Each structure stands twice: as structure tokens, then as C-alpha cells.
Amino acid sequence: MRASWLRWAIPAAVVPVLMLLAYGFKTNPREIPSPLLDRPAAAFTVTTFAGSPLSLEGLRGKVVMLNFWASWCRPACYEEAPALERTWREYKDKGVVVVGIDIQDRDEAARAFLAEFGHSFPNAPDPAGRIAVDYGVYGVPETFFIDRNGRVRFKQVGALTDELARQRLDTLLKEPS
Amino acid sequence: MIRGLAGVLATLLLLAGAAGAVPVDETTVHDVAAQLRCVVCQSLSVADSPSETASQMRGIIRERLAAGESPAEVRAYFVEKYGEWILLAPPKSGFNLLVWVVPFAGLGLGLVLVAVVLRRWSRKIPPGAPAGVDPALRERIRREMSETENP
Amino acid sequence: MIPELGYGATVAALALAVWGAVAAAGAARTGRTDLLRSGERAAVGVWVLITACIALMLYAFLTFDFSVRYVAFNTNRGTPFYYRITALWGALEGSIVLWSWLLSIYALIVVGQYRRRQPELYPWVLSVMLGVLAFFLLVMTVPAPPFERLSPIPPDGRGLNPLLEDSGMITHPVALYLGFTGFTVPFAFAVAALIVRRTGEEWITITRRWTIIAWYFLSLGLLIGGWWSYHVLGWGGYWAWDPVENAAFMPWLTATAFLHSVMIQERRHMLKLWNLGLIFLTFGLTLFGTFLTRSGIIGSVHSFTQGSIGVFFLAFLALVLLGSFSLLASRVDRLRAEGVLDSVVSRESMFLLNNLFLVAAAFTVFFGTVFPLLSEAVRGVKVSVGAPFFNLVNIPIFLALLFLMGVGPLIAWRRASAENLKRNFLKPVLAGVVVAAIMRGLGVGNALVLTAMALVVFVAGTISLDLFRAVRTRRRNGDGWAAATLGLLLRQNRRYGGFIVHLGILVIALGVAGSQAWSVQTEVTLQKGQTVDLGGYHVRFDGLEATEESNHAKVTGAFTLSNGRRGETVLLPGRKFYPQEQTPIAAVDYRLGFLEDVYLVLGDFSRDGSQATVKLQINRMVSWLWIGGLVLTLGAALAILPEARRPA
């Protein structure tokens, strides 16, 4: 290799690799952006823990907050459960429905969870995981905000807070039907 | 005979009634599952993962195949729900082609480099190289030497 | 008490390491022996202090001292005694302690071995090693201190990650780290040789030995990791191309390349530049590996945690790579090749190809591992790069390497004549082709498997042929077959140690090929008393049983396995429910065999025990991986033996 600058090619080549690795600090490998945003929400029909049927179609015209949870999901599901109930109580007369879907759980454990937090909004089990996959769920808790026209507008991965729920719901409620 | 015929007819009607039902080969389920990434593990496929989620996903794959969908359609369904990330190897199109092409390109480049280096090494003939030694004799010496000690 | 003592020891060790590195460097530049001695004493002091840290931590574990945060987060009162010891390296902070401790031991060995033998290189070597130690001690002090106090003291701890409650936990990390840290020594020697411009032959001999030792431990670590994955994780596989597995595999590939190309440098004085580059690359890759595991930038089953620790590692990685390659670039003139070839068909070219393929494989693995990051940076879209990619791209490379393994050792240096080629390769090639044809006739259709088989027979043929001829020649001195063979192995231990390592790789290759091509599996839900058949085996579900262990609850399924030949066995796969874990952990059960393993994973089950879902696998040829690993171990041990002295 005659050219004297060529020898510095190798150290120089290392730099872009290091920069790429540094970029990695800004990303979170566990956070997968949802391809469902602004697309129609997948339909489902379930039987709630109370025994009544519930379908997403039947909720058209209302804003739906669809929350995926499990009794073994500690601590996040336990942290957000009171906030869910509070949000439901505040918004149920404003045209919002909160629906909880319980995944990969045992019946008694799920019912115990519901009893512990006194959830008064409809909750149903998803025994075969069909609904979870239909919504691209990869962990719990995850919450989807569906507008009046049945489109998924926001997705929250991880525990939900009162403020966040309020913010999302207010945005969707302001929109015309 | 009549009863046998009626039995066959009933079975056929039953099969027809289960509209589009296709007997599912477990190998096909495994093949499709092997191309999908288990969402709760880090690098395992849905076929390999022992997790509950993977088990449920295999069930959904089985259901869809049984309903007549092709493996490509089942894969497309999962991509629609989870994004490209759910495929264990990126589709061979667009930017993703890079990951398929670059390693082979690198190998090719390397082969070229090796060829260049070898040619450069064999071009330098050392001065005063032994001349006039019969190649057959040289070979015999080499053979004898390698038989006693092959370094 | 313990948190404060431990932290104090850590800080003191850091200070000593920094002083020692500076003193040794000063001694190197000025020739002052008092500085050098001071640096040596610092190295000893560092080892003593880190050992004290380990002793303190072990004491805390064994006495359930939950005032130490690390102890509280990684054990609880139910954790069995031996796992309380291995919990030391079970999480991030402790793993750095283990790394530092092993590195300090290597530093001590270097002090003992080379203070008199290598007076020119030694001061810089010591400085570099203490410098690297200082970095890891810095990590132990700032971003990942193991001796943090937990207040208030909890009544019980969280418990060890249940996946780590396994015998593999005792050996896998230690072997792996002995490998990783071991590469620091050849790195230090390479840097020293470049700085003092003594790039002659001594440094390569020293470096070669150390690289074999580190390579050996790394190989062991990788194999044990595969075994651990196979019998603990419950998926029946041994390698998932997980990013952190890849990160350990890459330095193994480049180290293997070095072990081969070093032979060209020793014999023909060529490739000096390349070899130095390989050592720097290997050490850099070990740092890259720890960076990946600990920074959290790429998700992995091995990932410990995120936080600022990633920044530390990236900064150090940048320093090492940029520094060492710049040093190399500045000394390029002294590294001109001296040798010459007469023909492209020669051993030199085989070694070059060997290096090319190994480095290409390392590059492929690297590119696949970071591609998800690249995709996100460029397109903003997350993609996954997993087993289908790595298998597709690496298989041709590994087959080519198998071929070279057969050709390389027997082809002549400088120029291979037609006669040489015919003599050494005709019979093995024929043997390979014949075996492939026989297997095809027996019904094996998979082209890859046939190619792999043919190559394995070819390579085994070349090795046997060479060994046979060499022993036959020795026998002319009057020895019997056994004595001649043993004498040959000991006398030329490097060559034949290498051959045995190659044999080990062959066995592993057969295991990989066979297990990928011939394993079968199925998943069924069985009622009590129901059976399922697969691969000639008959499995019956007999029922479930629930038990309470010291730190978890377990549900075990009883499955009776029979295949008509070996009688019945009862396998007990289970699911373990740890209170601190969100989902149950699979406890697989298996029956290992020489040719095939039967592997059962318990899935979902009904409360009353009347039915259970089970995944049944017949994994073929997997045992050959472990057998091959054993052979590889023996070969490496033989190769490491000091060169036998010639008889008078």
C-alpha cells in the first residue's frame, strides 16, 4: 500500500460503526411501533366475566378505551388498575366505554384481580389469544384508544396514568362523529 | 350397502359443511411458526418458544391454515398486526436487501483481495533461486522429507 | 458494614490500577526499575483488593445480608446454597466483579512469567493490562457498583432469576469470561510490540500461546452455553443466534483465524500487519460483546440492564479500537511482508482462504446483529434478523471451511505439485464421494447434509491418512503402533493437537447437520391415559403432580416413554412457578442418547390434571455436539503443552 492516507482507512472505518452504536442509545428495542394506528380496529365478540356478550361493533359511536391486562402482570397492571376505574367513572356518561381484556390467565386469579380493584367496567377473558394477536399485543399492559368511527388512534404500552387517559380521551371526544 | 352409502354421504356432507376446512399438517404449522418471531422472547421463533404466547400464536396459525389460508397469507396477517419486525428474517426487498447482499458482496470482495495478495506474493521471484534442479528430483526429496517429518 | 467495606476496596483497587498503569508506562519510557516494581506491587494489590471484594460479597450472600442491594435483588431465603454462591455473577454488577477478578489473575500471571523474560515488552504489557483493569474497576465504582446499600433492609430478597438456577450457571460464565479476559494478554503484547517497535518473532510466540488458552476457554464457554440452552430454556435448541450469543461467537471466529494465520507468520514471516489487526479486532469484539450485553441497545435474552453503563463501554470500545488501529497505521512500514510464493495452490493460500472465510463469517454475524439498528436509523422501521438469515448466509461459509480443514494441513508450503495433491487427497476425496453416494442410496435427500457428510469424511480421511503415514514412518525406528502414535502425538503436539481439534469440529459439524436435518417434533393435547407417537416412540400421559420447593411451586407431568426396544422410561417435564416471576418457567425432561434425544416440554394443563398439552421432540445427533466439544478440549490441551524437547 503506497498511499500514506490509506493506512488510516481502518481506524476511520471504525467511526461510523461507533456512531451507529451510539445511536442505539436513543432507541428502545422493546418498543415496537404499532402498524395499527389510524386503521380500523379489529372486531371481536366476547363474553364478559359477568356472563354477558360484548362486541366491538356494538360500541360504534362511542370512544373505546381497550385495555389488555393479566393478573400475573406485576407491578404495572396493578399500578394502573385504579386509574382505569377512575377514568371509567369519570367518562362513562360522556360517551366513553372502557373494556378490559384478560390474557393468558386463570379464571379465579382474574376474578380476584377484578374484585381487588372493584372494576365496574366490562372485562372479558381472551382464552386463545386471538384478540391479543389481532391487536398486535406483545406484553401487558397495553391500552388502545379507538375513536367513534372504530379506528385505532393511540396505543399506550405500559401502565396508564389518569392524565394520559384524560388527554387521549378528551382529544377523541372533541372530534365530530 | 345402503347404510354404508348413507354413511359416506353423511360424512361428505359434514365435510362440505365445515366450509373450507383443510386438514392441517403439523409440519406446515411448524414451518410458518419458524419464520415468525416470538414476541415475548428475544430471538426465538414462534415454533421454538415454550412460552404461552407462542403456543397461542401457533394455535392461531393452525386455525388460519385450517380455514384455507396459505402460509404466505398467514405470514402477511401477522405482519399486518405487528409490523415487519415479526418476521425473523427481513423480507428480501427494498432497504432490507442490504442485509442479504452485503455479506456475499463482502465475501466476493474478500476473494478478490486474496487473489490480489496471492498474485503479488508469487510475482516476487527471489534472486539466486536454485536453478537447474530437476523437478522430479525436487519432488522426490520433498516426498522423502515429508514422510519423516511433516511440519 | 459490608457495603461500605466493599465500596472502599473497589475505590482503592481503582486507584491502585490507575497508578500501576501510569507507573508501568513511566517505567517503559524512562527505564526506571523502581517505577516498574511499584507497578507490579500495584498489580498484586489490585488482585488482593478484588479478591477481598469477592470474599465480602460471598459472605453477604451466605449470611443473607440483605443490606447489600445486590444480595437482596438476586437471592432470597429460599435460594439453595450453591446458587447463592453463583449468584455472585448472576447479574450485571457481579459479572463485572468476576470479569475484573479474572483479569487481575491474568495480570498476576503475566507479572510472574515475563518480568525477567521479556524486559523490553513487559513494562508496556503491564501498563496496558492495568489500564484495562482500571476501566473495569471504574465501571465497578461509578455506573454499576455492586456494594450499594439497601435501606430499609427488606425481610427477604427477590430471588435469583430462575433460569440461572442450573449447573450451567457455575461453569458457563466463568469459562466464557476466562476466554474474554484472556484475550487481553495477547492484546497487551501486540500493543507493546508495536510501541517499542519489536515486531520480530518473540511477541508472536507468546501471543499465540495466550490466544490458544483464551480461545480454548471461549470454546468451552460457547459449548456449555449451548448445553445450558438445550436443557434449561425449554425450546430444544442449542443456539438461537441471539445478539449476545453472536457477540461471543465473533471473537471466537477472529481468534480462530489468528491461530491459523499465525502459522504463516511463524513459517514464512508474512502477514504481520494482518495478524496484529486480527488481535486488535478480537479484543475489540470481546469489548463489543460486553457492550451489547450491558447497554440494552439490542434486545437479547441475555441482556442485563440499561443505564449509563452502556456509555462507559462504548467510550472504552472507541478508545481501544481507534487507539490500537491508529498505532498499527503509524507503524505500517515496519511490517512489510518478507515472504514469497511460487504458486497460488499452496498452504499459504489455503490459510489465506481460511482467514477470509472466518473473518467473512464474523462480518456476516456482525452485520446481521447490528442491521436492526441500521434499519431503524435509516428507515425508522424496526426489523428482526434472526436464525433464518444467519443460517442461510453462514452455512456456505462453514462448508467451505470444512473443505479447507481437509486440504490445508496436507498441502505443501509454497507450491503444491500435482503429485502432492494426488498423493494426499485422492483417497479421501473418493471416500467422501462414496459415503455421500451411500447415504443418498439410504434415502438421505437433503443436499446440505450430504455435502456436509462428504466433507466430514474427506477431512477425517486426510487426517487419518496423514496420521497413518507418520506413525508408519516412526515405526521404522522399531516402536510398536501404540508407542509410535503416542510418541508422535507428544513430539509434534501442536500439529496433532490441532488435528484433534479439527476432529472435534467435525463431530460438532455432524451434530449440527444431523440435528437440523433429522429432528422431528409435534405438539398435542393429551387426556390422561392418551398416547402420541413420533419417530418410533410411544408417549403416554399419566397425570400431573403439584409440589412445593424451597423457593417455587412446581407442577410436574408424568409421561411414560417407550419405543419397544429399551423398555419404558418415565419423563417428568414440569412448570415452575416462582413468586417473583410473571410467567411460569418450563422445566424440561429428556432422555439423552448417542443418536437421538427424546425431549418433552409441558405446556398448558387443566386444573384437575385430566389433560395437558405437551411438546414432544426427537432431537437427533445433538449428543455429538457435546462429544465433539470433549474431543476439541482434548485436542486443545494437547496443543497447549510446551514443545517437546528433541531426544538427545
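A residue is called buried if 20 or more other C-beta atoms lie within 10 Å of its own. In this predicted model, five of the five residues of strand β6 (residues 142–146) of chain A are buried, so the strand is largely enclosed by the rest of the structure. In a regular strand the side chains alternate between the two faces of the sheet. Both faces of β6(A) are covered. On one side the buried residues are E142(A), F144(A) and I146(A), and on the other they are T143(A) and F145(A).

Strand β6(A) pairs with two strands of chain A, described here in turn. Strand β3 (residues 63–69) of chain A is joined to β6(A) by five bridges, and these two strands run antiparallel. Within this pairing, F145(A) of β6(A) has M65(A) opposite. Strand β7 (residues 152–157) of chain A is also antiparallel to β6(A), again with five bridges. Here V157(A) in β7(A) stands opposite E142(A). The hairpin of β6(A) and β7(A) has five residues between the strands, and G150(A) in this hairpin takes a positive phi near 80°.

In chain C, helix α2 (residues 33–62) consists of 30 residues. The distance from its first C-alpha to its last is 43 Å, close to the 44 Å expected at 1.5 Å a residue. Just after α2(C), F64(C) adopts a positive phi of about 55°.

The largest nonpolar core contains 284 residues. The residues with the most contacts inside this core are A17(C), V125(C), L130(C), L133(C) and V456(C). Helix α9 (residues 202–232) of chain C gives the most to the core, with 17 residues. For L130(C), when neighbours within four places in sequence are left aside, the contacts are A17(C), G20(C), A21(C), A24(C), G39(C), A42(C), A43(C) and A107(C).

Contacts between chains were examined next. Between chains B and C, the contact takes 44 residues from chain B and 53 residues from chain C. On the chain B side, α2 (26–34), α3 (52–66), α5 (97–123) and α6 (135–148) each supply at least two residues. The largest share of that side, 12 residues, comes from α5(B). By class, the side of chain B that touches chain C has 19 nonpolar, 15 polar and 10 charged residues. Between chains A and B, 13 residues of chain A are in contact with 13 residues of chain B. The side of chain A that touches chain B is made up of seven nonpolar, four polar and two charged residues.

Technical notes. Residues numbered from 1 in each chain as written. Chains lettered and ligands numbered in written order. Predicted model: local features only at pLDDT ≥ 70, side-chain atom pairs only at ≥ 80, totals over all residues. Contact = placed C-beta atoms within 7 Å. Nonpolar A, V, L, I, M, F, W, Y, C, P; charged D, E, K, R; others polar. Core = buried A, V, L, I, M, F, W, Y, C linked by C-beta atoms within 7 Å. Buried ≥ 20, exposed ≤ 12 C-beta atoms within 10 Å, placed from the backbone. Helix = DSSP H or I, 4+ residues; strand = E, 2+ residues; numbered from the N terminus. Expected span 1.5 Å × (residues − 1). Pairing = 2+ DSSP bridges.
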